[in-house]
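Please keep the sequence and the model in view while reading.

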Amino acid sequence: MKRLAPQAVESRLHQLAQHATDCLIEEVNLTPKPGLVDRRGSGAHQDLSLALMERSARSLTPTFYALAQQCWQRPADIALRETVGRLGREGEQQMMAATDGVNTHRGAIWALGLLVSAAAMQGGEANSAQLCTRAAELACLPDRHAPKTFSKGLRAVHRFQVPGAREEAQQGFPHITQRALPQLHRSREAGADETEARLDALMAILTSLSDTCVLNRAGMEGLLTLQRGAQAVLLAGGTSQAAGRQALQQLDSAMLALNASPGGAADLLAATLFIDRVSIATH
């Protein structure tokens, strides 16, 4: 790992934090997404808006910077894991202050926080596999200060016996490495524009993710509706094709009818965009 001059390190830390924030803003602006906040409106959410989501994302830049700073070229150990956990919880409080108590990005703080930390651990230079492996190493370590209360996501994990955000990270983000990133690259190579490629990457996540946000609102039937609908978009050639766009419209209508929104998948899409931006290309 290269040793950078202090000024260069500082620049890299700011860059990682800014990339994470930018990816959250790009995710929420991506349109049209099924049931989610986008440039058209609030989707299935009464308490969220595009402006609120953007404000929330910007409030997290100092948290991402602090994570990068603390993790710079450090190995994964319990002390680092507990520092990352503490900074994440402090970031959550800053987010809640910025949004007047609305949970906008709790899941994203977990996923992106781990990936920013992982990128810093690697000195800002890693491929996507290395980033996800480092993030998994951190996620697998215990944090004795973690709150013992059950989040909505954890309740869904236990009720429906499915993996949640914690397991996704501990396994090295398989929905990103095996589904979203390959689909993003495939769609770009097939001539899709950036919006279409990113929507296709979201569909790839949705085909198999046990999205706890959807499970909480619409149960297993809602989750299956989401997964089948996303599969239909990709089978129709993706969102660069008229049939794919029509399938996406049908999926959006179905999610709105169920009052359900795949917030977990949105977090993973933002994380996908981050990895795509900061990782050294290996494909």
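## Basis of the report

The structure is a predicted model, in which local features need pLDDT of at least 70 and side-chain atom pairs count only at pLDDT 80 or more, while totals for chains, interfaces and linings use all residues. Residues are numbered from 1 along each chain as its sequence is written, and side-chain values use heavy atoms, leaving out hydrogens and water.

## Helices H5 and H13

Helix H5 covers residues 106–121 and helix H13 covers residues 263–278. Helices here are DSSP runs (H or I, at least four residues), numbered from the N terminus. The axes of H5 and H13 are 8 Å apart and form an angle of about 20 degrees, so H5 is roughly parallel to H13. Axes are lines fitted to C-alpha atoms over the stretch in contact, angles run from 0 to 180 degrees between N-to-C directions, and those under 35 degrees count as roughly parallel. The crossing of H5 and H13 is right-handed, meaning that the near helix is turned clockwise from the far one by less than a right angle.

On the H5 side, the residues in contact (heavy atoms within 4.5 Å) are Gly-107, Ala-108, Ala-111, Leu-112, Leu-115, Val-116 and Ala-119. They meet Asp-267, Ala-270, Ala-271, Phe-274 and Ile-275 in H13. Of the residues in this contact, ten are nonpolar, one is polar and one is charged. In this grouping Ala, Val, Leu, Ile, Met, Phe, Trp, Tyr, Cys and Pro are nonpolar, Asp, Glu, Lys and Arg are charged, and the others, Gly among them, are polar.

## Salt bridges

Side chains of opposite charge can pair when their charged atoms come close. The whole structure has 16 salt bridges, each a side-chain nitrogen of Lys or Arg within 4 Å of a carboxyl oxygen of Asp or Glu. One of them joins Asp-22 and Arg-277, with N and O 3.9 Å apart. Asp-22 lies in helix H1 (residues 6–29) and Arg-277 in H13, 255 residues apart in the chain. Asp-22 is partly exposed at 24% relative accessibility, and Arg-277 is partly exposed at 31%.

Glu-194 pairs with Arg-188 at 2.8 Å and with Arg-198 at 2.9 Å. Arg-198 and Glu-194 are four residues apart in helix H10 (residues 194–206), which means about one helical turn separates them. Is Arg-198 buried or exposed? Arg-198 is buried, at 16% relative accessibility, whereas Glu-194 is partly exposed at 30%. Buried means under 20% relative accessible area, exposed over 50%, and partly exposed in between (1.4 Å probe, protein chains only).

Note on methods: Helices (H or I, at least four residues) and strands (E, at least two) are DSSP runs, numbered from the N terminus. Angles under 35 degrees count as roughly parallel, over 145 as roughly antiparallel, 65 to 115 as roughly perpendicular and the rest as oblique.
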